[in-house]
Amino acid sequence: MNNSFIDYPFDQQHIWHPYTSMHHPLSVYGVASAGGCELILDDGRQLVDGTSSWWSCVHGYGHPALLEAMQTQLHTLSHVMFGGITHEPAIELAKQLIGMTPKRLTKVFYADSGSVAVEVAIKMALQYWQGRGKPQKQQIMTIKQGYHGDTFAAMSVCDPDNGMHTMFGSSVTPRLFAPAPQAGFDKGLSAQDASALRAMFEAHHQESAALILEPVMQAAGAMNFYAPEYLALVRCLCDEFDVLLIADEIATGFGRTGKLFACEHAGIEPDLMCLGKALTGGCISLAVTLCSDEVADGISSSPAGVFMHGPTFMANPLACAAARASMALLQRGDWQAQVAAIEEQMQTELAPASMLSTVTDVRVLGAVGVIEMHERVNTELMQQGFVERGVWVRPFDRYLYIMPPYCITPAQLTKLTSAMVELASSGYTGPGKPSHG
């Protein structure tokens, strides 16, 4: 018997969901609760979550340390403006982040979401060059197939072909794009990739403030894993041509690729870094942009004399408390062994999909597993198929992928990978809309 408390007709008629049409809304599934690595639907069905709620719930749902931290903070100080005020959760979290991230990143700016963190990083880069007497450096370089968020500056550096550039026309600032790196994670740096990247720097460095990219793994753009040597070259070219490097580690940070931060695969340090998603363990929205002393000095030397940004919920104490608990779990936990075990199991269990005629490629990096299809999948039909098999996997475009919580059990992971391989051969392709992960 269905004891659903969800008013589905109201939801369908009045509430937007991500990347959906009000004329033809996609089916949604009511979630009543969640625990560990499972979502419990309002009809009682339990689904193993393969997405960590868009890659944020790395510790699983309802972790007692996160709940306790938020509960304690809720009863002392849930929110206060950050203008002219500070508080212990923000200070202690900043200490943790500075201790965990690359050494040159010493300044922390708190933001509301990943997209806003990217906006902040771009604004920081532009103001930096104003302070260094080069206001003509207004352009941002990046690479194709990237995804950095849905707000306007973030959207402008997303993939120009499969992103939203054509939809919003001249309202989207034109950016400079190098081809997406073609050499895979274990393939090293290709001469073609290196040549195209250098050509962009040579032609546009005088007008460019920064280059932004997702280190090693392009997530919602195309689930593309590329060679660390390419990232190392980016760092060298930024130094050679006097361009700042922004690392968007919102999806890749906090262990997802097998390193605490994906920049570590190449042994490089960016000038600015954006973090979010797993920052709070998926409990509440929070993001940060970190920068170096050099960048902070340039901004403070700009004509404005201050950095021009200040969100209402900046450094929200409740979110900072959750993030402190999440970072503590990572620092004292066994995430490295967990991610290595997930990677090994996915490599074994997803491998049979590479033999399917419907599949282009199968790839695994850290706790990320991807089956790339020849054709775009029908998201609604594929979603239904996964739910029927007791798992939650959110396909997009041509990609079936999972980024499970690190605490997932081998049996739960097998349930996910088995469903992926089975549905990869199902023929659920068609006019499914992209959903950016």
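This report walks through the fold, sheet, cores and loops of a predicted model.

## Model and confidence

Residues are numbered from 1 along each chain as its sequence is written. Because this is a predicted model, local features need pLDDT of at least 70, side-chain atom pairs count only at pLDDT 80 or more, and totals for chains, interfaces and linings use all residues, while side-chain values use heavy atoms, with hydrogens and water left out.

The protein chain has a mean pLDDT of 95 (pLDDT being the predictor's confidence in each residue, from 0 to 100), and 97% of its residues reach 70 or more. Confidence is highest in S10, at 99, and lowest in helix H7 (residues 165-168), at a mean of 83.

## Overall shape

You will find 14 helices and 16 strands in the protein chain; helices (H or I, at least four residues) and strands (E, at least two) are DSSP runs, numbered from the N terminus. The radius of gyration is 21 Å, close to the 22 Å of the globule rule for 437 residues, so the chain is as compact as a globular protein of that length. That radius is taken over C-alpha atoms, and the rule is 2.2 Å times the number of residues to the power 0.38.

Along the principal axes, the C-alpha atoms fill a box of roughly 70 × 55 × 45 Å. Of the 437 residues, 54% count as buried (buried means under 20% relative accessible area, exposed over 50%, partly exposed in between, with a 1.4 Å probe and protein chains only). Among contacts with a separation of 6 or more, 72% join residues 24 or more positions apart; contact means heavy atoms within 4.5 Å.

## The seven-stranded sheet

An open sheet with mixed pairing runs in the order S4-S12-S11-S10-S7-S5-S6, where two strands pair if DSSP finds at least two bridges between them. Strand S4 (105-111) and strand S6 (176-178) are the edges, each with a single partner strand, so one side of each has no neighbour in the sheet. From one strand to the next, the twist averages 20°.

S4 pairs with strand S12 (residues 287-292) in the antiparallel sense over six bridges, and Lys107 stands opposite Cys291 in S12. H10 lies across S4, S10, strand S11 (272-275) and S12, at about 90° to S12; axes are lines fitted to C-alpha atoms, for helices over the stretch in contact, and angles run from 0 to 180 degrees between N-to-C directions.

## Nonpolar cores

The largest nonpolar core holds 128 residues, of which Tyr110, Met223, Phe254 and Ile371 touch the most other members. Such a core is a set of buried Ala, Val, Leu, Ile, Met, Phe, Trp, Tyr and Cys residues joined through side-chain atoms within 4.5 Å. Helix H5 (residues 114-131) supplies its largest share, eleven residues.

Not counting residues up to four places away in sequence, Ile371 touches residues including Leu350, Val362, Tyr399 and Met420. A second, separate core of seven residues includes Leu39, Leu41, Leu47 and Cys57.

## Loops worth a look

Asp242 sits in the loop between helix H9 (228-241) and strand S10 (244-248) and is partly exposed at 37% relative accessibility. Ala315, in the loop between helix H10 (293-300) and helix H11 (317-332), is buried at 0%.

Ser285 belongs to the loop between S11 and S12. Leaving aside neighbours within four places in sequence, Ser285 contacts Asp112, Ser113 and Ala319.
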